[in-house]
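I opened my notebook to write down, entry by entry, what I looked up in this structure. The sequence and the model come before the entries.

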Amino acid sequence: MNDLTQTIYVVDDDEAMRDSMTWLLEGEGYVVACFDSAESFLKARRDDMRGCLILDVRMPEMSGLELHEKLDALGSELPVIFVTGHGDVPMAVSALQRGACDFIEKPFHNEDLLSRIVRALELDAQLSARRQRNGAISHRLDQLTQRESEVMKLVVAGKLNKQIADELNISMKTVEAHRARVMEKMGVRTLAELVKAVVTVN
Amino acid sequence: MADAARAAKNLAMLMRPPLPQPKHTRLWLAPYVAIGVFALAMLILTALLQWRELDTARSALEGDMHWAERTIENRLHAHQDFLGELGREQEFKQLTYEAFQVKAGRYAREAPEIQAIIWVDTDGKVEWVAPNESTAVFVGEQLTGERLAALQKALRVRTEVVSADYRDATQRPAHDIILPVQRGSADLGAFIAVESIEALLRTTLPTVFTTRYSLTVVDAQNREVLSNSSVKPTDRQVSGQISLDLPNNRLGLNIVAYRVGGAWLPFVPAALIIVLTLIASVTLIQLRRHAQHRADTEEELRTAYAFRQAMSQSLITGLRAIDLEGRITFVNAAFCRMTGFDESELVGIKPPYPYWPPEEFDRLQNNIDTALAGKAPASGFEMRIMRKSGERFDVRLYFSPLIGTNGQQIGWMASMNDITEPKRVRVELERAHERFVTVIDGLDSAVHVADVQTGEILFANRAFQNIFGFDAVGQNSAQVTAACRPPPEQLARDPQQIGADELPCELFDGELQHTLSGHWYHLHERAIRWVDGRTVRVQIGADITDRKHIDDVNLQQQKRLEQTSRLITMGEMASSLAHELNQPLSAIANYCAGCVKRMQAGNYRIDDILAAMQKASDQAERAGKIIRRMRDMVKKGDPNRQPIALEELVDETRAFADIDAQRTGTQIVVDLPDNLPKIVVDRIMIEQVLLNLFKNGIEAMSDVPVERRLLTLQARRVDERMLEITVADQGHGLAEEDIEKIFAPFYTTKAEGMGIGLAICRSIIEFHQGRLWVEPRREGGTVFHFTVPIEELGEDSNE
């Protein structure tokens, strides 16, 4: 179940916490990467990072919340689990409202943490799959000629061949030919599939 | 229709300026001069005419005189010739008495002026008389006097002589024509023709002549002999004199022409001219007076007109006259100014007028119909009209009938006032009043104003009415507010005794309970001068029931807090320590869980497990230290005073304070001199004081720049018994009044503070017989000082 491309990134200023967290998660078979501050994580961050981020709320300099905001702004889709201390719960709730994946309060039970990690990684996997699928459909769409994509848009909009021919000022036969090529290039067999593919991307 | 047109014309004339006044010149003298010249010319003309007439008369006279002279001369010559004939016959003795009688008688009858022809001897004795019947002379009559003298002269000179004039028997003037007769040198006698001068004139001159002229015969001595008229003409302008030189006599004939119409006649034209001139002059003077009067009246009229015109033009009120059909006949400058139309664009226009905005047509048409029907309201119409530029503005229009000079109504006069500004002001005032009322009514304090003398409520806001009833205004204040009113003896002054010059004046400021509702009010009452000048009491009552309640609760809370303050401080500290405990506990849990997983899976290396367990054990120890420290802090019971080095205390306190210090970037500098003596204190208590002071200092510098966030701790020995420790920050400092109060319980300058920290600190220090005080730092910030006792030095001073 563990996708080998997924990594658990731990950001915590307490050395003991980082070390124990690594020990625990590696024992579960995860790949773990630790950072002692939000700044060092930002420095190392890449767009294709996959997995999840375990973030301590209280840190000197940039706090976990601030890092989360920065990542949001950068368009990161990495799921985030906040680790909060006593009294930080309202802070964590507000982070959740802003799109964080989850939070866990210290001291925590390791099963709680692990189940949250599992959920976060599943979310990450879904997001990543969608990115890939969208990428494939986009690729196919790019291969359409301009006229074909015009025809396709009208087809998807539910227009009949005759209407399309009138609108684009071409013959019915040409429309049929374009339509057949669109279905072929998009790798779909039915109109329903075509509509689904286009709607997914858009 | 025609009447209306005429009326409009009248009105237009009324409004038009009169002709300008002619210049005051000497021109008015011209008629007088003309009249004078004319009169003079007429007089000259008349004189000329008269002179000419006179001339003509004189010419005629001269002609007549000439003729008369010739006629008389001829007659006399005829008489002389006849006498000469008789003489010659006598001389030659050819003449007999009878012949003489015949000849002379016949001649005398033919010439009536010859009264008789006589023959006298040289002595003057009449011998013959012819004709016989003559009564003038009788035969044998002796000539006497002048007649005889003339005869003798004639005999002597031997030529014809005419005697001087004499009166004959009938007393009529007569003279003798004497012809001496000689024969040889002897005188025979003389023939004498007795000639009546009157008859001479009568026979020689025709009647026409005598009626036309007055004739006077004068003798040689210029004595009047005869006159044909008893009336002597006074005017001798046309007169002449004929002088007939008779031998030895002279017959003078004065001729004066009778003037037709009398002597005054020539003066009539002149008199007439003068009279007419006088009349003309008088008339002219009257005329001039009239003209002057008229000019004066005109001048008055012009002044009045100019005044009215100026009034009309300088008025800021627009004036508009319309005839009975609504046609505009006049507009003044202000009206043009207001509407922006020229007079020429308005006069003669019938409704709808060009300054009517299209959207107001119906209303304005209705207004003008009402006005023309004579039913315009006395308060005028308020309407919105339009300038030429299209801008709308509000006016008020008053109508009044326009009465013409003949007393009949010729139209309607309307005065127009621009009320845009007054309307705006009124609206502003209304709004201002509305705002005032809104604000006053929006107050939750009850405000009312009552007359000092009568107690009548003049004004009450909504809050007041809510409490005391909505019909309060107009009622007696004492009755309405009986349930909640300051007793008279508590008033600062008797309101009825306050003079006008003492206003405004405080009356009451205090808290009262409403006897019916039980609410508490803070009443503030003053006497002021009301808008109409009388003295009134203004009372503002604020409902302080809630505040009073809160005050009570606060008081109770304060008491409770004082009791539990120490506990609360400990709780805070425990919370802080619990937070620190989270870290080692979480780490231990992780290590253990990791070990368990690996051992369950059976996939592990013993060295890894050992290392992890070792780390877990280290973390457990870390947690233990924290717990111990916490236990030390919360440990109850009597203070445990023991000798302790200040450095140790400070280091332990810093461990806590550093958390906040790092978070805020504050630098804590501990500057302690060497070989400070140990102090005898309860370690936890003094740590608490230090922590409190550190935290205060850090918070005090939260709004100064980071580089200034410096907290300094210093210590010095004051004397044998006490050590002074100072904690100085460079923060915002304390206000002077705060320095007095910050040690009071529940006084705080911090937004979230409880206000008990420093109070407890002071209690702790005083428990140690020390002192805690605060001073402002010269460079800005605050310095806290406290003193604690020093260990009484025994034998081991080296420690």
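**Entry 1: a residue in chain B**

I began with A321(B), which I found in strand β11 of chain B, a strand made of residues 318-323. I kept in mind from the start that this is a predicted model. Is A321(B) buried or exposed? I noted that A321(B) counts as buried because it has 22 C-beta neighbours inside 10 Å, and the cut-off for that word is 20 or more. I then looked up the separation of A321(B) from V347(B), and wrote down 9.2 Å between their C-alpha atoms, although the two residues are 26 apart along the chain.

**Entry 2: the open sheet in chain B**

Next I traced an open sheet of four strands in chain B, whose order is β8-β7-β10-β9 with antiparallel pairing. Its edge strands are β8 (224-227) and β9 (239-246) of chain B, each of which pairs on one side only. I recorded an average twist of 20° from one strand to the next.

Looking at one pair in more detail, I saw that β7 of chain B (residues 213-218) is joined to β8(B) by three bridges in the antiparallel sense. Within β8(B), S227(B) is the residue that stands opposite T216(B).

I also asked which helix lies across β9 and β10 of chain B. I found helix α2 of chain B (residues 29-91) there, running at about 20° to β9(B), while β10 itself covers residues 249-257.

**Entry 3: strand β16 and its partners**

I moved on to strand β16 of chain B (residues 446-451), which runs antiparallel to strand β20 of chain B (residues 535-543), with six bridges joining the two. In β20(B), I found V536(B) opposite D451(B).

β16(B) also pairs with strand β17 of chain B (residues 457-460), again in the antiparallel sense, over three bridges. Here I noted I457(B) in β17(B) as the bridge partner of A450(B). β16(B) and β17(B) form a hairpin with five residues between them, and in its turn G455(B) has a positive phi of about 80°.

**Entry 4: chain A**

Along the sequence, chain A follows the pattern β-α-β-α-β-α-β-α-β-α-α-α-α-α. Chain A has 202 residues, of which 30% count as buried. When I took the contacts in chain A between residues at least 6 apart in sequence, 59% of them joined residues at least 24 apart.

I then followed one helix, α5 of chain A (residues 110-143), which has 34 residues and reaches 50 Å from its first C-alpha to its last, close to the 50 Å expected at 1.5 Å a residue. Which residues of α5(A) are buried? I listed N110(A), L113(A), I117(A), A120(A), L121(A) and D124(A). Beside that list I put a reminder that an α-helix has 3.6 residues a turn, so residues three or four places apart point the same way.

**Entry 5: where the chains touch**

Last, I looked up how the two chains meet, and found 20 residues of chain B in contact with 17 residues of chain A. On the side of chain B that touches chain A, α14 (545-601), α15 (606-634) and α16 (646-664) of chain B each supply at least two residues. α14(B) gives the most to this side, with 15 residues. I sorted the residues of this side of chain B by kind and got eight nonpolar, eight polar and four charged.

Note on methods: Residues numbered from 1 in each chain as written. Chains lettered and ligands numbered in written order. Predicted model: local features only at pLDDT ≥ 70, side-chain atom pairs only at ≥ 80, totals over all residues. Buried ≥ 20, exposed ≤ 12 C-beta atoms within 10 Å, placed from the backbone. Contact = placed C-beta atoms within 7 Å. Nonpolar A, V, L, I, M, F, W, Y, C, P; charged D, E, K, R; others polar. Pairing = 2+ DSSP bridges. Axes fitted to C-alpha atoms, helices over the stretch in contact; angles between N-to-C directions. Expected span 1.5 Å × (residues − 1).
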